[in-house]
Amino acid sequence: MKTIRIIRLWIFITGFAVLQSCYYDSEEELYPSESNCDLSNVTYSGTITAILSQNCYSCHSSNFPQGNVVLDNYDDLKVVIDNGRFWGAVNHESGFTPMPQNLPKLPQCELDKIKTWLDNGAMNN
Ligand code: HEC
């Protein structure tokens, strides 16, 4: 009787340990950018252009801008920032066309970087 209880306890503890390690794996290895998103040195040239060129320039370059929105240079980007369309679109807020078009929201870390840059005055730095 006592042995069975000990075995049950052992199974319980082992199962718990396995679950814990799975949880750890998914946090640290599947979503590394979310658990250590570095927002300390966000700049237009070093951070924002990289995110936009990867996700937005294909449809919003000066040559052939969709929806008349140009994002591949600072001055034109500033226009949609100042009229509020930029953050509304990338943050999928109601009243805006969600961007990138037909795709899920950008990863949270990239949104956090964009938000940090905007909150710091959206400088051409
Ligand atoms: C596959 C093409 C495509 C991609 C990729 C894309 N867009 Fe767009 N975008 C469009 C089209 C088309 C419109 C016009 C849609 C409309 O007016 O309903 C648009 C409109 C916009 C608008 C105006 C939205 C509004 O509600 O006024 C903004 C801002 C914008 N895009 C920003 C972005 C940003 C930032 C990215 C990258 C994160 C991006 N887009 C990626 C096609 C795209």
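Helices α4 (57–60) and α6 (85–90) each supply at least two residues of the lining of the largest pocket. Helices here are DSSP runs of H or I with at least four residues, numbered from the N terminus. The model is predicted: local features need pLDDT of at least 70, side-chain atom pairs count only at pLDDT 80 or more, and totals for chains, interfaces and linings use all residues. Residues are numbered from 1 along each chain as its sequence is written, and side-chain values use heavy atoms, with hydrogens and water left out.

Stay with the pocket. Its space comes to about 420 Å³. There are 21 lining residues, and the closest to the centre are His60, Val69, Ala89, Thr97 and Met99. A pocket is an open set of points on a 1 Å grid over the protein atoms alone, where a 1.4 Å probe fits, with protein on both sides within 12 Å along at least five of seven lines; lining residues have an atom within 4 Å of a point. The volume is the space filled by probe spheres set on the points. Helix α6 gives the most to this lining, with 4 residues. By type, the lining divides into 13 nonpolar, 7 polar and 1 charged. Here Asp, Glu, Lys and Arg count as charged, Ala, Val, Leu, Ile, Met, Phe, Trp, Tyr, Cys and Pro as nonpolar, and the others, Gly among them, as polar.

Next, the cysteines. The structure holds 1 disulfide (a pair of cysteine sulfur atoms within 2.5 Å). Cysteine 37 and cysteine 109 form this link, with sulfur atoms 2.1 Å apart. The link is right-handed, with 85 degrees about the S-S bond. Cysteine 37 lies in the loop between α2 and α3, and cysteine 109 lies in helix α7 (residues 108–119), so the pair ties together parts that are 72 residues apart in sequence.

How exposed are these residues? Cysteine 109 is buried because its relative accessibility is 6%. Cysteine 37 reaches 23%, so it counts as partly exposed. Buried means under 20% relative accessible area, exposed over 50%, and partly exposed in between (1.4 Å probe, protein chains only). Cysteine 56 counts as buried at 11%. Cysteine 59 counts as partly exposed at 27%.

Finally, look at threonine 43. This residue sits in the loop between α2 (32–35) and α3 (44–55). Threonine 43 counts as buried because its relative accessibility is 18%. Leaving out residues up to four places away in sequence, threonine 43 touches Ile48, Trp117 and Asn125. Contact means heavy atoms within 4.5 Å.
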